[in-house]
Amino acid sequence: MSQLKSVQEKLRLVRVLRLLKKTYTYEELSKITGLPITVLNRYVRGKVLPSAERTKELLSLLLPYINIEEEVRKRIKFDEYGFFDNMPVLSDTALMSLIAEDVAGRYMDKNVDRVLTAATDGIALGVHVARELNVDVVYAKKKKEVGVEKFYEVSYVPSASGSVTTLYLPQWALKKGENVLIVDDVIRSGETQRALLEMCRQAGAKPVGMFFLISVGDVIERLREEYSIPVESLIRLE
């Protein structure tokens, strides 16, 4: 194992411990791992990193205690009208890092060159996934930035608003022939994501997949049929 890979695995263990610490006490983690509470505390705080051998042992012990889908579901907050807030998911950096590892594993064989999303809520997931894939992340905005001369531009009518929305992406952000992974935090109707796909078409880039933290209804099945590319979500809400 290279030195870089070894460090990455150790940091992964720290993220796993920090996530588990939100559910388990130090006493419980000590029973699971067989390590003193003081040692676990140092790992969680990042004061000390374990050896490569211990890291491997601890990951094999602790990973079975993490269900990423369940971790996301229990953080989503619903109000009395059924609307939900996923900020507790997006703001949990340890959880987002583990989600990104999962996403990167799904699309590692697609030779992704760019991760594409829409501002603003998709940016957190986009950054984490792009880091795991070791590529750049780019995102479309609802306004033109000063200093950018040429944009890819797509207008559409969101079903919930009845007004025209336009997304803008600087033309330097996507290049012809690049493999693009589109990600977003939530997909409901699919209009925003279709706009991102149209931007790929304008650029001559190739969408190789789409991934969402949360999908609502059967929208991802419809997108699979329309575009014949992998479309996945971590959890689905009816």
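Helices, of at least four residues, and strands, of at least two, are DSSP runs numbered from the N terminus. By that rule the chain on display, a predicted model, contains 10 helices and 9 strands.

**The whole chain**

Begin with the entire chain in view. Its C-alpha trace spans about 60 × 45 × 35 Å along the principal axes. Of the 238 residues, 47% count as buried. The chain exposes about 12600 Å², and carbon and sulfur atoms supply 49% of that area. Among contacts between residues at least 6 apart in sequence, 62% join residues at least 24 apart.

**The two domains**

How many salt bridges are found across the interface of domain 1 and domain 2? The rule finds 3 there. To see a salt bridge elsewhere in the selection list, show arginine 12 and glutamate 101, whose side chains meet with 2.8 Å from N to O.

Move to helix H7, residues 93-107, and select serine 97 within it. Is serine 97 buried or exposed? Serine 97 counts as buried because its relative accessibility is 4%, below the 20% limit for that class. Leaving out residues up to four places away in sequence, serine 97 touches Arg15, His128, Arg131 and Glu132.

From that list, continue to glutamate 132, which is placed in helix H8, residues 122-133. Glutamate 132 has a relative accessible area of 27% and is therefore partly exposed. Beyond its neighbours within four places in sequence, glutamate 132 is in contact with Arg15, Ser97, Ala100, Glu101 and Ala104. Display valine 103 as well: valine 103 and glutamate 132 are 29 residues apart in sequence, and their C-alpha atoms are 8.6 Å apart in space.

**Salt bridges along the chain**

Side chains of opposite charge can pair when their charged atoms come close. The structure holds 19 salt bridges, and the following stops show some of them.

Select lysine 74 and glutamate 71. These two residues form a salt bridge, with 3.4 Å between the closest N and O atoms. Both lie in helix H5, residues 68-75, where they are 3 residues apart, about one turn of the helix.

Then select lysine 144 and glutamate 153, whose side chains meet in a salt bridge at 3.9 Å, N to O. Lysine 144 is partly exposed, with a relative accessible area of 48%. Glutamate 153 is also partly exposed, and its value is 40%.

Proceed to helix H9, residues 191-203. Glutamate 198 and arginine 201 are separated by about one helical turn there, because they are 3 residues apart in this helix. Their side chains meet in a salt bridge, 2.7 Å from N to O. Glutamate 198 counts as partly exposed at 24% relative accessibility, while arginine 201 counts as exposed at 57%. Salt bridges that share partners also join Lys22, Glu71, Lys74, Arg75 and Asp92 into one network; select these residues together to see it.

**A nonpolar patch**

For the last stop, show the surface and select Val7, Leu11 and Leu49. These residues form a nonpolar patch, with about 220 Å² of accessible area together. Leucine 11 belongs to helix H1, residues 3-20. At 40% relative accessibility, leucine 11 counts as partly exposed.

Technical notes. Residues are numbered from 1 along each chain as its sequence is written. This is a predicted model: local features need pLDDT of at least 70, side-chain atom pairs count only at pLDDT 80 or more; totals for chains, interfaces and linings use all residues. Side-chain values use heavy atoms; hydrogens and water are left out. A salt bridge is a side-chain nitrogen of Lys or Arg within 4 Å of a carboxyl oxygen of Asp or Glu. Buried means under 20% relative accessible area, exposed over 50%, partly exposed in between (1.4 Å probe, protein chains only). Patches are made of residues with over 30% relative accessible area and no salt bridge: like charges are joined within 9 Å, nonpolar side chains (Val, Leu, Ile, Met, Phe, Trp, Tyr) within 5 Å. Accessible areas come from the Shrake-Rupley method with a 1.4 Å probe; for residues, only the protein chains shown count as cover. Contact means heavy atoms within 4.5 Å.
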